[in-house]
Amino acid sequence: MANEHPFQSLFQSLGRPPASHAESVNRNAYERLRDILTVPVDKPGRCILLRAPRAGYGKTHLLTRVEHELGSTHEFVPLQAVCGSQIDASTVINDTLRRLLRPLPASGGLCVLDLVARRLFALALQPLVGSGEVPCQDREGALVALRTRPVETFDFHHENAVTAHWARENFEVLGQRLAVELSRRGGLSSRGVGFWVDALFWFASAQPENPGRVKGLADAVLAGDPGEGVLMERLESLLGLLALLTRVVLVADDLEGFSSDESAALRLASFLGSLRQSVERLDVILSLNRDIWESAFLPRLSGGLADRLSEVVVELEPLSEEEMLALLESRVPGLGRQVLEHVDRGEGENHARGLIRAAGVAWLRATAASKPKYQPEPVMEPAVESVMVEERKAAATEVTVVEDEVPADEEEAVKLPVAQEVFEPKVRPELAIGMVGETVADASAAGWGAETPVEEAVVEAKPVQNFEETVQDSPFMAVPADDAGVLEAETVEADAVASGGVPEPPAVPEPPSFSAPPELVEERVASNEAAIPEAGPFESVPASGAGDEGAAAGGTVVDVGSGSDEAPALDSAEGDRVDDLLKQFRERYGRGG
């Protein structure tokens, strides 16, 4: 992460080895604590007040160092304040058992309490074997084994541990004698010691893999809802039994919560004073800041209680220049001097936590200054989004309407005479396809020349439909000019026929070529009475009745499909066909003509 640095860790838990350590920091306090606690097992204990000017001077770090230094000969029991300010017999019993139930490495499920129970049984059985109260064939050998190998002698799970199996078979009688002997040696209550002898014997003789033995021990402690007096007696007996084997040190740290409870400090002082009077070998370390001691404890404690809690006072001092450098070197070896030069040592930054926090700020500031200025990277369009953009562009291009281009050679034919006015009739879609053949055929016969032939067969003309009903909006039909244009065309045609010539068709736009679907053409052809021959729509076809009349009139017809400028002479039958088609044209499209 971007904010990670060697000075990020500011706090430490009691009992956990620190990640970094400077030997010179709080060196005097460490040596003094070690000397006070390093005493024989049978020496009386003391109450030590470890006091610092404020939080962050390294009290927890110092206590952890002492615990790891003396852990092989001392049993340190950290006390946890319930709700921040409650420490009593019940909580201390739980803390002590939790500490003793820690598992042993490579022991098959055994814990520290198993070893404590076996050593206590061996210690209590020694005087009974030595006095002959407990019969034994090899008394001297048994005594040596009880003194030197107590853990193996009372191994209830080994088949060769004869003494352990004998004690299990005779525990109803032996248990009482063991409790009396232990209470005498420790100066403890026989009832409290008898409770723990029974509980520990059951715990040690149970299989280590049995998950119910820990729960059974806890239930035994709280069975019958014991009162505060009974719990205090059991606590004193438990700590007194432990003190027969090793030095026991109760450590009360992290007591800031006592500042908010006026009576909590008085209860704690009374509890610790009573416990130390009952367990003479017990050591207690009370770790406090000066403001908590002066505001929460001193105003409420009597002179005697204050003196008992402050029997030995160990004060922590501010850091010197050499200690600061050593502390920084423990975090960043080889860079301590450079970091110290950039640390802003303001007021109150001469303690461990303040120095580490200031070093962390300096480290982040130097790191930020050494980095190049930030340049934002260009935002790249995701691949999917770019594809969608291209598709939208392509769709927009496809939607653009492109009008039909007119070939260059037909551009002149498209232009209409100025005198003519063109309109587009609107034909219903269902009638447009059916009228295609008729319209094209009529237009070709009337002289509306078109270069593109229609490939489909042309159907015979049907009776004229009402114009009002058939004409609709449609882009698929070519429409002739208005009535005036039609009459003019008829007059020109009549004069030309009378003079023996054929009129030239007016220059009109080429009708669009229609290619109707085959199925529609087939349907249209099937509906008529007879099919039209295979001739093209613009080819001259003789008619049966009109041919004679055309011959008599001696008319001629121009082949409009050829596209030539000179119109060849037509026979009389073809002339009649032209007249017939012009008549049909006028009847269909002319109004009143």
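## Packing of helix 1 against helix 2

In this predicted model, helix 1, formed by residues 27-37, packs against helix 2, formed by residues 59-70, at an angle of about 40°. The axes of the two helices lie 10 Å apart. The crossing in which helix 1 passes helix 2 is right-handed.

On the side of helix 1, the contact involves Arg27, Ala29, Tyr30, Leu33, Arg34 and Leu37. Their counterparts in helix 2 are Leu62, Leu63, Arg65, Val66, Glu69 and Leu70. Sorted by class, the residues of this contact comprise eight nonpolar and four charged, with no polar residues.

## Buried side of helix 10

Helix 10 spans residues 212-222, and its buried residues are Arg213, Leu217 and Val221. These residues lie on the same side of helix 10, because the arc they cover around the axis is only 80°.

Which helices do the buried residues of helix 10 pack against? The partners are helix 3 (89-100), helix 4 (112-130), helix 9 (190-205) and helix 11 (228-243). Gly224 follows helix 10 and has a positive phi, near 75°.

## Packing of helix 11 against helix 12

Helix 11, a partner of the buried residues of helix 10, also packs against helix 12, which covers residues 264-278. The angle between helix 11 and helix 12 is about 50°, and their axes are 10 Å apart. This angle makes helix 11 oblique to helix 12. The two helices cross in a right-handed manner.

Helix 11 contributes Met232, Leu235, Glu236 and Leu239 to the contact, while helix 12 contributes Phe271, Ser274, Leu275 and Ser278. The contact of helix 11 with helix 12 contains five nonpolar residues, two polar residues and one charged residue.

## The chain as a whole

The helices described above belong to a protein chain with 26 helices and seven strands. The chain has 593 residues, of which 40% count as buried.

Among contacts in the protein chain with a separation of 6 or more, 75% are accounted for by residues 24 or more positions apart.

Key: Residues numbered from 1 in each chain as written. Predicted model: local features only at pLDDT ≥ 70, side-chain atom pairs only at ≥ 80, totals over all residues. Heavy atoms only, no water. Axes fitted to C-alpha atoms, helices over the stretch in contact; angles between N-to-C directions. Helix = DSSP H or I, 4+ residues; strand = E, 2+ residues; numbered from the N terminus. Left-handed = near helix turned anticlockwise from the far one by under 90°. Contact = heavy atoms within 4.5 Å. Nonpolar A, V, L, I, M, F, W, Y, C, P; charged D, E, K, R; others polar. Buried < 20%, exposed > 50% of the residue type's maximum accessible area, 1.4 Å probe, protein only. Arc of directions from axis to C-beta. Parallel < 35°, antiparallel > 145°, perpendicular 65-115°, else oblique.
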